[in-house]
Amino acid sequence: NDNQTALIMIFGATGDLAKRKLFPSLYKLFEKDKLSKNFAVIGVARRPLTNDEFQQSIKESVKTAIEKEDRIDEFASHFYYHSHDVTDSASYAALKNMASDLDNHYQLNGNRIFYLAMAPEFFGSIALHLKSDGLTDVRGFKRLVIEKPFGHDLESAKELNDQIRTAFSEDEIYRIDHYLGKEMVQNIEVIRFANAIFEPLWNSRFISNIQVTSSEILGVEERGRYYENSGALRDMVQNHLLQMVALLAMEPPIRLNTEEIRSEKVKVLRALRPIEGEEVNKYFVRGQYDEGTINGKTVPSYRQEPMVAENSNTETFVAGKLLIDNFRWAGVPFYIRTGKRMAAKSTKIVIQFKDVPMNLYYQTEQPLNPNLLVIHIQPEEGVTIHLNAKKAGTGMEATPIKLNYANKGIDGINTPEAYEKLLYDCMRGDATNFTHWDEVALSWSFTDKISDVWENHVDESFPNYKSGTMGPKCSDELLEKDGYFWWPVT
Ligand code: BG6
């Protein structure tokens, strides 16, 4: 297949993402013969490195990530390095020459992928240079892969988008949201649309609420500088959480193609009730981690982390109640929460169904458990259905049971990492699991209204949750007000 032939230029090739995710994922594709022999990679970054040194670093990064790397030498031989100054046209000219040489040498048909895996402040100017210095004049396809953050708010996202649109058309732009590459996030659609039993129930008549949790154990680590200006709302809600909500709430697309799926997701985001002004603190709560104990170790508070202000007002936890004002979802709360330094690394979706009209099984004085459909995104991958069944024995009592499906256990395969799938999609030209500009813009316009309020009001309660817990008390209260509680995700 011709499409897997391409020159891939990775800007930020000495960075963390390239080392931890991109090189190992490319190796996996290579090993599975999903990358044709005709490919080459130019690593682009500021520091001076020889090709040999760069290839050495490729081998190290692959070896760190993967146990079996038999073809590593052959793989690494396709890698080249260009020491780059992002603001200097002469540097782009040199890069262009290198690219044409490799294009000839490997017969790449003029196909080019530009992968921006570096500090976002340079995204716009790189895109402009790629065009003005001729790197995007190619015979084959040209595609831009761009990492998050895609802007800081709607306005800056628009500006960035305008810049990249001068060099690439919308369908040449692949905006990464790595959650869309996760196996079980991709499975949401299949579970919904390939099963007759869910679709009739998938609406406000039968679902009482939906809970989406993405919790982390890690703190802000070395990213204080970025995170201080971001916070959990921008870092996780604007992209990953809203994307999961869109997949859960969208109408069945008329066809499984990029355009149709995106258009259904966009409609969900358009139906999202804007939360602004005084409403913000009714529908959303924020938190910031304090010291605490995780796995027997004491960890510092957010304010003690490197590059973080000692009176920081940045949230490391967000919980919110979303309402989707359309026929299907009117009145059904979608609760979302995400945070750092929580009790578990866990991404899960719980769909809680409404109760049966009357409980015939009151002998035990126990209310019946509601039916739940739980989609386990990570670290386990699978699906659980919570039902009630007869308690074995002489009586007629009901007891909760679970039907469990574990993705990994059954097929015996490790599902590929998100980046492996996304890179492959990009090479094949499938943008379904990337975010369209309309989705980005609608998501920012939703979260901007919340940031506006939070940035102008210092939260005096910060730090308000201990590291190693499931967040601040106000997060539980958010659901209690509605008569619900967070289903445990650990
Ligand atoms: C990134 C955020 O987008 O997602 C990080 O910038 C966060 O702060 C990460 O840690 C979580 O991703 P995952 O795949 O580990 O859930």
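Which residue forms a salt bridge with Lys148? In this predicted model, the partner is Asp235, with the closest N and O atoms 2.9 Å apart. That pair ties together distant parts of the chain, 87 residues apart: Asp235 sits in helix H9 (residues 231-249), and Lys148 in the loop between strand E5 (142-146) and helix H6 (154-167). Asp235 is buried at 2% relative accessibility, while Lys148 is partly exposed at 23%.

**Overall fold**
- You're looking at 15 helices and 17 strands.
- The radius of gyration is 24 Å, close to the 23 Å from the globule rule for 490 residues, so the protein is as compact as a globular protein of that length.
- Some 54% of the 490 residues count as buried.
- Take contacts between residues at least 6 apart in sequence: 77% of them join residues at least 24 apart.

**Charges**
- There are 57 positive and 70 negative side chains, and the centres of the two sets lie 3 Å apart.
- The salt bridge tally for the structure is 29.

**Other salt bridges to look at**
- Lys32 pairs with Glu420 at 2.6 Å, N to O. They're 388 residues apart, with Lys32 in the loop between helix H1 (16-31) and strand E2 (39-45), and Glu420 in helix H13 (residues 418-428).
- Lys32 is partly exposed at 42%, whereas Glu420 is buried at 3% relative accessibility.
- Arg273 meets Asp325 at 2.9 Å, N to O, and the two are 52 residues apart in the chain.
- Arg273 is partly exposed at 32% relative accessibility, and Asp325 is partly exposed at 40%.

Key: Residues are numbered from 1 along each chain as its sequence is written. This is a predicted model: local features need pLDDT of at least 70, side-chain atom pairs count only at pLDDT 80 or more; totals for chains, interfaces and linings use all residues. Side-chain values use heavy atoms; hydrogens and water are left out. Helices (H or I, at least four residues) and strands (E, at least two) are DSSP runs, numbered from the N terminus. The radius of gyration is taken over C-alpha atoms; the globule rule is 2.2 Å times the number of residues to the power 0.38. Buried means under 20% relative accessible area, exposed over 50%, partly exposed in between (1.4 Å probe, protein chains only). Contact means heavy atoms within 4.5 Å. Lys and Arg count as positive and Asp and Glu as negative; His and the chain ends are not counted. The place of a charge is taken as NZ of Lys, CZ of Arg, CG of Asp or CD of Glu. A salt bridge is a side-chain nitrogen of Lys or Arg within 4 Å of a carboxyl oxygen of Asp or Glu.
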